[in-house]
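Work through the exercises below with the sequence and the model open. Each task is followed by a solution in steps.

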Amino acid sequence: MEAAAAAAAAGVQLGTSKPQIATQAEMAEERVPIAYRDQCAHLLIPLNKCRVSEFYLPWKCKPERHAYEKCEYELVMERMLKMQKIREAQAKGAATIVVPLIPSTAKLG
């Protein structure tokens, strides 16, 4: 938890502000690949259903695709802003912030 303390000292909150809406059971039932099980998975599930029903035609499912891509874009921008704050804190000589590779919310073991 020292990474969280160092991040808090620099004014950076680790993690994302978006809640996880889709549960692990729902994502497993819908066969969402593990790499895509993030805070936007609740939008990916209806998008994939639409894609299958419309035979993956690129001009179909535009509202679903737009909503999913916007959500992913917001997550990327949030991560970039946090990394920028971490770099600025390090440049000012604040405590070194170690961002863990495995999030503290992961259930290990």
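**Exercises on a predicted model**

Cys61 lies in the loop between helix 3 and helix 4. The model is a predicted one.

**Exercise 1.** Determine whether Cys61 is buried or exposed, and describe its phi.

Solution. Step 1: the relative accessible area of Cys61 is 9%. Step 2: buried means under 20%. Step 3: Cys61 is therefore buried. Step 4: the phi of Cys61 is positive, about 60°, although the residue is not a glycine.

**Exercise 2.** Carry out the analysis for Tyr56: where is it found, and is it buried or exposed?

Solution. Step 1: Tyr56 sits in the loop between helix 3 and helix 4. Step 2: its relative accessibility is 56%, and exposed means over 50%. Step 3: Tyr56 therefore counts as exposed. Step 4: Tyr56 has a phi near 55°, a positive value in a residue other than glycine.

**Exercise 3.** Place Phe55 in the chain and state which residues form a nonpolar patch with it.

Solution. Step 1: Phe55 belongs to the loop between helix 3 (41-53) and helix 4 (62-91). Step 2: Phe55 is exposed, because its relative accessible area is 70%. Step 3: together with Leu57 and Trp59, Phe55 forms a nonpolar surface patch. Step 4: the accessible area of these residues together is about 390 Å².

**Exercise 4.** Locate Arg79 and state how far apart Arg79 and Thr16 are in sequence and in space.

Solution. Step 1: Arg79 is in helix 4. Step 2: with a relative accessible area of 51%, Arg79 is exposed. Step 3: Arg79 and Thr16 are 63 residues apart in sequence. Step 4: in space, their C-alpha to C-alpha distance is 7.8 Å.

Terms used. Residues numbered from 1 in each chain as written. Predicted model: local features only at pLDDT ≥ 70, side-chain atom pairs only at ≥ 80, totals over all residues. Heavy atoms only, no water. Patch = residues over 30% accessible without salt bridge, like charges linked within 9 Å, V, L, I, M, F, W, Y side chains within 5 Å. Areas by Shrake-Rupley, 256 points an atom, 1.4 Å probe, with all protein chains shown as cover. Salt bridge = Lys/Arg side-chain N within 4 Å of Asp/Glu carboxyl O. Helix = DSSP H or I, 4+ residues; strand = E, 2+ residues; numbered from the N terminus. Buried < 20%, exposed > 50% of the residue type's maximum accessible area, 1.4 Å probe, protein only.
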